[in-house]
Amino acid sequence: PAILVLNGPNLNLLGTREPATYGSTTLADVERMCTARAGELGCTVDFRQSNHEGVLIDAIHEAGRTFKEGALLGVVFNAGAYTHTSIALHDAVRSVEVPVIEVHISNVHARESFRHHSWLSPVAAGIIVGFGVDGYVMAIEALARRASR
Ligand code: DQA
């Protein structure tokens with residue numbers, strides 16, 4: 001089975017964007033980390049990034065269909081700033097059965113108050129926040145455990 005790792009706006013700049021907050025690891029490095037760990041767990045990774053809300057919504061819908069076909073374990077989703085603004089992404093996640101794990105590289109609760117509210121948290125299967133890019137790997141492990149129980 002596959003795991004969809006979905007990244008939202010500005011995460012294409014990871015590594016050069018505010019390194020004090022997000023670290024110097026690039027998104028390509030994160031993809032390699034995810035693919036390696038998923039491989040150990042017997043899964044493949046479909047790794048994507050988009051700066052466009054509608055593209056992310058379409059990806060969630062597609063994941064819902066692939067999950068129903070039995071070919072997807074779940075979604076690891078860092079929605080970036082859309083986390084804090086997007087009722088449309090909230091509706092997309094609640095409209096599908098596929099488990100979605102919300103990931104944030106930084107501890108959003110230790111930052112500006114506008115990052116404290118998440119539209120995704122109420123509809124996420126789980127949330128991993130503040131562990132840097134390791135959070136992606138932790139989310140993959142969580143999906144694999146969830147699928148094997
Ligand atoms: C983020 C946190 C968001 O508040 C921010 O807008 C991002 C990245 C994180 O991974 O820490 O783009 O999702």
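## Ligand shell, annotated sites and a helix pair

N78 sits in strand β3, which spans residues 72–78. The model is predicted. N78 has 27 C-beta neighbours inside 10 Å, so it counts as buried. Beyond its neighbours within four places in sequence, N78 is in contact with N7, G8, L11, V103 and H104.

S106 lies in the loop between β4 (100–104) and β5 (126–129). S106 counts as partly exposed because it has 18 C-beta neighbours inside 10 Å. Residues up to four places away in sequence aside, S106 touches T21, Y22, R111 and G130.

| Residue | C-beta neighbours inside 10 Å | Class |
|---|---|---|
| N78 | 27 neighbours | buried |
| S106 | 18 neighbours | partly exposed |

Next, the ligand. The residues around it are N10, N78, G80, A81, T83, H104, I105, S106, V108 and R115. By class, this shell has three nonpolar, six polar and one charged residues.

An unreviewed UniProt entry carries the annotation "binding site" for N78, H84, D91, I105, S106 and R115. These positions spread over 38 residues of sequence, and in space they reach up to 24.3 Å between C-alpha atoms.

Now the helices. Helix α3 covers residues 53–68 and helix α4 covers residues 87–94. Their axes come within 9 Å and cross at roughly 5 degrees. The cut-off for roughly parallel is an angle under 35 degrees, and α3 and α4 are therefore roughly parallel to each other. On the α3 side, E53, L56, I57, I60 and H61 make the contact; on the α4 side, A88, L89, A92 and V93 do. This contact has seven nonpolar, one polar and one charged residues.

Technical notes:
Residues numbered from 1 in each chain as written. Predicted model: local features only at pLDDT ≥ 70, side-chain atom pairs only at ≥ 80, totals over all residues. Axes fitted to C-alpha atoms, helices over the stretch in contact; angles between N-to-C directions. Helix = DSSP H or I, 4+ residues; strand = E, 2+ residues; numbered from the N terminus. Parallel < 35°, antiparallel > 145°, perpendicular 65-115°, else oblique. Contact = placed C-beta atoms within 7 Å. Nonpolar A, V, L, I, M, F, W, Y, C, P; charged D, E, K, R; others polar. Near = placed C-beta within 6 Å. UniProt positions renumbered as here; feature names shortened; annotations may be inferred. Buried ≥ 20, exposed ≤ 12 C-beta atoms within 10 Å, placed from the backbone.
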